[in-house]
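Student: I would like to learn how to read a ligand site and an aromatic pair. Please take me through one case.

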Amino acid sequence: MVQNVYEVLLKPVGDERGYLLPIEVGRDAVPFDVKRIYYMYGIPDGKGRGQHAHLDLRQILICVHGSCKVRCDYGGGRPVETYILDKPDKGLVIEGLVWREMSDFEAETVLLVLADEHYDVAAPKEIREYQVFLNKVDEEMMK
Ligand code: T46
């Protein structure tokens with residue numbers, strides 16, 4: 001079972017005009033081939049997102065503007081970790097069966113996500129019930 005969460009630093013190129021941050025798949029900090037890009041914005045004050053897990057997905061989350069918290073719950077009695085994304089050159093890689101909750105979005109935040117799989121609207125490979133997630137983690141840990 002791949003289950004990993006870690007921060008990565010991206011490399012902006014800065015000059016007197018400001019910054020440009022290139023992301024070259026396979027060369028930079030993105031450890032997978034990107035098949036999907038999405039971003040969220042216009043998040044009302046006090047609203048959270050996420051609150052689900054993926055069976056098998058690799059993603060990198062980058063707050064390209066603003067900030068938010070990302071709470072990662074691994075189940076199986078392991079400690080929960082909360083990351084703060086508050087810089088456009090900081091990414092959070094989330095791989096595999098991790099219950100994620102994004103919260104505390106600063107006004108005007110834009111959260112960019114790169115993912116290694118397409119999204120199947122008809123049958124998304126997600127777990128949206130917390131107890132089902134815990135059961136799945138236990139099942140995987142028994143293997
Ligand atoms: C995650 C966090 C960081 C699509 O049509 N295509 C897509 O690629 C995605 C991700 C979603 N959608 C549709 C499905 C829903 O009707 O957009 C709507 C909102 O999706 P969701 O409730 O899953 O969004 P978040 O912000 O709660 O979670 C998303 C990702 O789903 C999830 O993988 O890790 O962002």
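Tutor: We start with the ligand, then turn to the rings.

Tutor: This is a predicted model, where local features need pLDDT of at least 70, side-chain atom pairs count only at pLDDT 80 or more, and totals for chains, interfaces and linings use all residues. Residues are numbered from 1 along each chain as its sequence is written, and side-chain values use heavy atoms, with hydrogens and water left out.

Student: Which residues come nearest to the ligand?

Tutor: A residue is near a molecule if one of its heavy atoms lies within 4 Å of it. Here 13 residues are around the ligand, and Arg-36, Arg-49, His-54, Gln-59 and Arg-128 come nearest.

Student: Which strand supplies the largest share of the shell around the ligand?

Tutor: Strands are DSSP runs (E, at least two residues), numbered from the N terminus. Strand 5 gives the largest share, four residues. Strand 4 (36-40), strand 5 (49-54), strand 6 (58-65) and strand 10 (99-103) each supply at least two.

Student: How far is the polar side-chain atom of His-54 from an oxygen atom of the ligand?

Tutor: A polar contact is a pair of N or O atoms within 3.5 Å. For His-54 the distance is 2.5 Å. Arg-36 has a polar side-chain atom 2.6 Å from a ligand oxygen, and Tyr-38 has one at 3.3 Å.

Student: Why is the pair of Trp-99 and Tyr-130 given its class?

Tutor: A pair of aromatic rings is described by the distance of the centres and the angle of the planes. Rings of Phe, Tyr and Trp (its six-membered ring) pair if their centres lie within 6.5 Å; planes under 30 degrees apart count as stacked, over 60 as edge-to-face and the rest as tilted. The count comes to four aromatic pairs. Trp-99 and Tyr-130 have ring centres 5.2 Å apart and planes at 75°, so the pair is edge-to-face.

Conventions:
Polar contact = N/O pair within 3.5 Å; in protein donor to acceptor, adjacent residues only side chain to side chain.
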